[in-house]
Amino acid sequence: MNRAQLKHYHYELPPELIRRKGVEPRDSARLFVYDTRTDTVTFDTFAHLAEYLAPRSLMVQNDTQVLPARLWLKKETGGKIEVLVLANEIVDAERIPVLVDRKVTLGQKLFFPNGTYFEVVDQAENIFTVRLSPDVDLIALLNQFGETPLPHYLEGADTPETELRQRYQTVFAREGASVAAPTASLHFTDRVFVSLGDREIETVRLTLNVGLGTFAPLREEHFVSGRLHTEYGEVPMATARAINQAREANRPIIAVGTTVARTLEAFGKKGSMESGSGKTDIFIFPPYQFQMVDTLITNFHLPETSLMLLVDAFLRHKGAKRDIMALYDIAIRERFSFYSFGDSMLIL
């Protein structure tokens, strides 16, 4: 596959199908079920997810948390500047990568309302590196002064920040530092977990810190190298052990979202899951032979993105009679909602 073939994954979406706020309750979102074995499509709600899953399956979720990483700071001159902290890329508290919407220079200071500041220490293309004032906790600063970094198509929805921090976050988020939510997990509720337990479906967690690369346009170099944007992932030993035991017992592995699928494939070696942490730049596009994923839960994604390619690669891996564009055509016709707060798709 190459960049030219990406045009196949373009579609026109009526603006009203972009859901700009999360539904309540979360599990009332619609569920599009596609069974690749029978080539059948079923419409339901996410609250009934467990009814379509094989008993004693193992479900893997991403427990990363979205940080309020968008800041409005002031230059030394008093001018306002927007700063997006690339929290998922921080490896050293002394070197924090950020994006800014105004011109800055090396050595310049950008001030928080309480007098704390970032000092610009480096630049690589459009990404600047800043250093925080001594003896200051970045996470505490973000929680006090930051805003939720919503995708551009959700901005202007007039949702209070206090509500966004709760709603653009999974109910089980607890680890990591992302600038975008693992959206396939936004629909889960306590009621859904109870129904999963009734079918003896075990849930385990891993962490993949989601970055802006998930929204970035694909370029020819991605297809040539077979590599994508880099994200940090971690698979706990207990999660790896549970996955390997499920594999040995022929229990299906359910990946909740493309972030989980990407992490499982990156850390899975020859059908065996390895624990550990590190960066991954794996790029999954057709054709691709999945090693660790049997069932996929996902949302409806932006056109011509790596997320669409991963889902289509999974469909082909499963031997599906329909590709992702055929399924999206149905979803649009049936008025499903798309993107971050949109409805859900289950591929069996």
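1. In what order do the 9 strands of the open sheet lie? The order is β2-β1-β19-β18-β14-β3-β12-β13-β17, and the pairing is mixed. The model discussed here is a predicted one. At the edges of this sheet stand β2 (40-45) and β17 (276-282), each of which pairs on one side only. From one strand to the next the twist averages 25 degrees.

2. Strand β12, residues 202-208, pairs with strand β13, residues 227-235, in the antiparallel sense, and 2 bridges join them. Opposite Leu208 stands Gly233 in β13. As background, strands of a sheet pair through backbone hydrogen bonds, either parallel or antiparallel.

3. A closed barrel is also present, with 6 strands running β5-β6-β7-β10-β9-β8. The pairing in this barrel is antiparallel. Neighbouring strands here are turned against each other by 45 degrees on average, direction ignored.

4. Several pairings of the barrel deserve a look. Strands β5 (residues 70-75) and β6 (residues 80-85) are antiparallel and share 5 bridges; Leu73 has Ile81 as its bridge partner in β6. β7 and β10 are joined in the antiparallel sense by 3 bridges, with Val98 opposite Phe128 in β10. Between β9 and β10 there are 6 bridges, again in an antiparallel pairing, and Ala124 stands opposite Ile127 in β10.

5. Which strands does helix α1 lie across? Helix α1, residues 138-145, lies across β5, β6, β7 (96-100), β9 (117-124) and β10 (127-132). The helix runs at about 95 degrees to β5.

6. Helices α7 (residues 306-317) and α8 (residues 324-333) form a pair whose axes come within 9 Å and cross at roughly 110 degrees. The two helices are therefore roughly perpendicular to each other. On the α7 side the contact involves Met308, Val311, Asp312 and Leu315, which meet Ile324, Met325, Leu327 and Tyr328 of α8. Sorted by class, this contact of α7 with α8 has 7 nonpolar residues, 1 charged residue and no polar ones.

7. Helix α7 also packs against helix α6 (residues 258-267), at an angle of about 65 degrees and with the axes 10 Å apart. An angle of 65 to 115 degrees counts as roughly perpendicular, and α6 and α7 are therefore described in that way. The crossing of α6 past α7 is left-handed. Thr258, Ala261 and Arg262 of α6 make the contact with Leu307, Leu310 and Val311 of α7. By class, the contact of α6 with α7 has 4 nonpolar, 1 polar and 1 charged residues. Val311 is named in the contact with α6 and also in the contact with α8.

8. How many salt bridges does the count give? The count comes to 18 salt bridges.

9. Pro25 is found in the segment before β1. Another cis peptide bond runs from Pro286 to Pro287, where omega is near -10 degrees. Pro287 is in the loop between β17 and β18 (295-299). For context, most residues other than glycine have a negative phi, and most peptide bonds are trans.

10. Asp39, a residue other than glycine, has a positive phi near 60 degrees and is placed in the loop between β1 and β2. Arg335 has a positive phi near 65 degrees, and this residue is found in the loop between α8 and β19 (344-347).

Note on methods:
Residues are numbered from 1 along each chain as its sequence is written. This is a predicted model: local features need pLDDT of at least 70, side-chain atom pairs count only at pLDDT 80 or more; totals for chains, interfaces and linings use all residues. Side-chain values use heavy atoms; hydrogens and water are left out. Two strands pair if DSSP finds at least two bridges between them. Helices (H or I, at least four residues) and strands (E, at least two) are DSSP runs, numbered from the N terminus. Axes are lines fitted to C-alpha atoms, for helices over the stretch in contact, and angles run from 0 to 180 degrees between N-to-C directions. Angles under 35 degrees count as roughly parallel, over 145 as roughly antiparallel, 65 to 115 as roughly perpendicular and the rest as oblique. Contact means heavy atoms within 4.5 Å. Ala, Val, Leu, Ile, Met, Phe, Trp, Tyr, Cys and Pro count as nonpolar, Asp, Glu, Lys and Arg as charged, and the others, Gly among them, as polar. A crossing is left-handed if the near helix is turned anticlockwise from the far one by less than a right angle, and right-handed if clockwise. A salt bridge is a side-chain nitrogen of Lys or Arg within 4 Å of a carboxyl oxygen of Asp or Glu.
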